[in-house]
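Student: I am new to this structure and would like a close look at a single part of it. Please take me through that part slowly, in one connected answer.

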Amino acid sequence: MVLCQGGEGDAAPAAGGQEPEVPPGREDGPGAVQPRLCPAPGVEAAGTEERRACGCCSGMSWPFCCEAPGTKKKAACPGLGLFYTILSAFLFSVASLFLKKIEDLHSVEVSAFRCVFQMAFVLPGLIYYKTGFLGPKGKRIFLFFRGFLGSTAMVLLYYSYQVMPLADATVITFTSPVFTSLLAWIFLKEKYSLWDLLFTLFAITGVILIARPPFLFGSRVTGIEGSYSDHIKGTIAAIASTLSAASTIVILRKVGKSVHYFLSIWYYAVIGLIGCVIALFVLNEWRLPHCGRDRVFLVLIGLLGLGGQIFLTKALQIEKAGPVSIMKTMDVVFAFILQVLFLNHLPTWWTVGGALCVVASSSGTAIRKWRHSVKKAKQREI
């Protein structure tokens, strides 16, 4: 074997856009010509047959692959991403239950405390990654609307939790994937098929079964928590929250990976806190909770919401988005269970039927998106 200079083919990255790991002893630097082992003249064919390849680097020969021969690749725990998704759904559901238990605080004030927790979590990350606090000039307007719409969705969701049954509000929020597809078709020119239209109609049917408007179901509506006017207000708030959340996802798709995700969360927290403080002064609702239990609930809502976001992020890092979206429907299951056990409110058959329609539509949308992404990935490999 002799040393020879690497050509252009050696600089090509491995499949998937990842650079092969450089073996120890090689110099790094722009434009540096790297030596590599080449077979001696006359034995090139034999050396080619003897080259050892591993399956972890798309067939690249060692030592340019990520692992040396004989070493065992650390296997990921199967189902860990789905477990993280279930845990995230449980934490979000418990946080919603604590929100229902708070008596003296407006939903806007709860949202303000949630934003404070998020700022405290994100600020060290911004400093560590040196992303700055404003982001690229061309993306700031998108970040602003992402923060405004995201925080608006949070406030409206918390309000719907307070004035209507927990399960009903949770089910309505699960129409978000359906409306995201519709908005992406309108603003991003993404494909919108007849299946997507069918899933949208299913979602709207589920919302109607939960809201039960009098012009369709008559004036005597049973199974409502509190007054029917509050139920309608909560339904409208939940729908508006869903549309705001869907708009946020469309904006994030527009921005893409050009902005660090910590900056996105930072705008969400800062703009949300500013908006909540202004709204509290206008509504004259700013006050600390009188009861010590409510203060504990406030802290727990912040911690559980943060924990839910962390586990959901970890789930998306190690599992495909399709299975995660489907497993996230456990939010609805947990909401029904917690509502029955701790709020003593049995869901009506109308709510159950609406939940089935919404879960079917959101799961169908997630499965279609998942299959489409898998198909595109296979086409890129070919």
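Over which residues does pLDDT stay under 50, and how many contacts beyond four places in sequence does the model have for them?

Tutor: Residues are numbered from 1 along each chain as its sequence is written, and side-chain values use heavy atoms, with hydrogens and water left out.

pLDDT, the predictor's confidence in each residue from 0 to 100, stays under 50 over residues 1-69, for which the model has 65 contacts (heavy atoms within 4.5 Å) beyond four places in sequence. Where pLDDT is low, the predicted coordinates should not be read in detail.

Phe297 counts as buried because its relative accessibility is 11%, buried meaning under 20% relative accessible area with a 1.4 Å probe, protein chains only. Not counting residues up to four places away in sequence, Phe297 touches Phe98, Lys101 and Ile102, and its C-alpha atom is separated by 9.6 Å from that of Leu97, 200 residues apart along the chain. Ile102, leaving aside neighbours within four places in sequence, is in contact with Val110, Asp294, Phe297, Leu298 and Ile301.

Terms used: Predicted model: local features only at pLDDT ≥ 70, side-chain atom pairs only at ≥ 80, totals over all residues. Buried < 20%, exposed > 50% of the residue type's maximum accessible area, 1.4 Å probe, protein only.
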